[in-house]
Amino acid sequence: METDDASNLERPMLIRRPDDIPSSEITPEHVYLNRRRFLGAAAAGAALAALPSRLRAGLRSAAPRAGHDRAHGPSGGVAGRATAPGLPQKDWSKVRSELDEPLTPYEDVTTYNNYYEFGTLKGDPVRHAQDFEPRPWSIQVDGLCAKPGHYDLEDFIVPSRIEDRVYRLRCVEAWSMVVPWRGFPLKDVIDRAEPLGSARFVEFTTLYDPERMPGQRRAVLDWPYVEGLRLDEARHPLTILATGLYGRDLPNQNGAPLRLVVPWKYGFKSIKAIVRMRFTEEMPATTWAMAIPNEYGFFANVNPEVDHPRWSQKRERRIGELRRRRTLPFNGYAEQVASLYAGMDLRRWF
Amino acid sequence: MTQAPTSPLALGVDARAAKLGESVLRRRRVALLRAGVWALGLWPTLRLGWLAWRDGLGANPIEALLHRTGDWTLVFLLVTLAVTPLRRLTGWNVLIQIRRPLGLFAFYYASLHFLGMYLVLDQTLDWEFIWEDIAERPFITVGFAAWLILVPLALTSTRSAVRRLGRRWALLHRGVYVATALGLVHFYWKVKADTFWPLVAIGVFAVLMAARWWARRVARPVARGT
């Protein structure tokens, strides 16, 4: 696919849903919610009512839970400085992915996190990251590039290119979410650094600060967390640096103030709280691939055909749904990214 | 329940009455102990049920139920295995009375974990995937084997089975050591990087097994059996 900068913004594609559907064509929310509630009840009978609310919600898996027990978007969504250069707030309950999937509720996106810098349990990051102060923040750009530099966050991001993108997030642990990120193409900051011809990879590093990141006080992983991409992957228009989600600044537990989002790869590739970006000739030694080389590879493309040694990758649980769904090759982005791996043995390069 | 001899007439009237009173007291203690075990055994179920109902299990309630029932299975297995060493240590022989209900609660949580949470909730009885899991993923194979070993133990936990099987009963029920060991391997293999709790559980198991070894080799070099 072409990577012409300006045209991407206008393209509905999978980047974002067009917001210009006439309001007359949209079923009023209370009508479709009622309809789904009715269908759900009719299908499952009285037994449904006896199920716990989350499981009930799971049975109506296609229904966004806005207006139900959980708020869909953050309440009073006032976006922060760096992330919202004039982008209007949306009615998130109506936003869906290009595959017509509803968004994962804000509360789930921000309370169920794998972020070992703040603890190894899913609920740890939201508890332990509350006092984390993501400002001031600076980013080192170095390695094989013509224009290395040391940037303040505000100078590093590219405000003119910030937009909302609805992506599936597939964790290597076989659960998934649909998240409306706010961010800008990684390509922009790569081009600005002018990587040398010898540069083939870009490596990212998370902040190392055990004082502020209590999870780093235990040697669960080899800190600091390091991730990386091949340069063509990094320049792909789907690859973004996110500064927010649901139209507001990234919550600390989601990787504030700046994280990578590579939607066709397992979630652990999307490194959080980035402080360094380095261009290299050699494949970066990434944290999980170093920790358990037979289970986590450098590429980590979502692939239902290649199982994790300890569990199946054929299916996944979408957060909020009861029954597992089939995992799509490249997490549903095969059309856009499969060509990057033409001729590669994806069983070997998992 | 029988009343304890609180009347002054019952006290010290004759040896027989005193002995009777003692046995009543003893029975009362056993009943109390058993009630405690039942309270302990049902507590996790009630709590998890309540949390599930109140939407208190987080974004992935099925995973939470799966993990927590697994945790409780190991807790009850280890507590069951602690009974005998504790009895030896304290000389409080009445503890033997709660070994069976504790063991049965372990089996109950193992079944809730495997049958209820894994087969039904997590895998929604999709056998194609379940067989693949059990056959091809060592961590699941091992967990399944542990549950399988516990089945005959639970089935032969009645008094009549103990009588009928005689010496073979004790031999069969040593399977609980194997099941627990496999359960711990299952737990250890399941985690991605943070092996803290699996190692704690393995440590507890090691201490309990060492206590048995010590009792056999050192304290009673001639005595047989567990």
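Modeller: A:Lys272 lies over the face of A:Tyr115, 5.0 Å from the ring centre. A charge sits over a ring if NZ of Lys or CZ of Arg is within 6 Å of the ring centre and within 35 degrees of the ring normal. Another such contact involves two chains: the charged end of B:Lys192 sits over the ring of A:Trp288, at 4.8 Å from its centre.

This is a predicted model, in which local features need pLDDT of at least 70 and side-chain atom pairs count only at pLDDT 80 or more, while totals for chains, interfaces and linings use all residues. Residues are numbered from 1 along each chain as its sequence is written, chains are lettered from A and ligands numbered from 1 in the order in which they are written, and side-chain values use heavy atoms, without hydrogens and water.

Next, rings against rings. Rings of Phe, Tyr and Trp (its six-membered ring) pair if their centres lie within 6.5 Å; planes under 30 degrees apart count as stacked, over 60 as edge-to-face and the rest as tilted. Over all chains there are 28 aromatic pairs. One of them is the tilted pair of B:Phe114 and B:Phe144, with 5.4 Å between centres and 50 degrees between planes. B:Phe114 lies in helix H3 (residues 99-122) of chain B and B:Phe144 in helix H5 (residues 138-155) of chain B, so the pair ties together parts 30 residues apart in sequence. Helices (H or I, at least four residues) are DSSP runs, numbered from the N terminus, as are strands (E, at least two).

B:Phe114 also forms a tilted pair with B:Trp147, at 5.0 Å centre to centre and 40 degrees between the planes. B:Trp147 lies in helix H5 of chain B and B:Phe114 in helix H3 of chain B, so this pair ties together parts 33 residues apart in sequence. B:Phe114 and B:Trp147 are both buried, B:Phe114 at 11% relative accessibility. Buried means under 20% relative accessible area, exposed over 50%, and partly exposed in between (1.4 Å probe, protein chains only).
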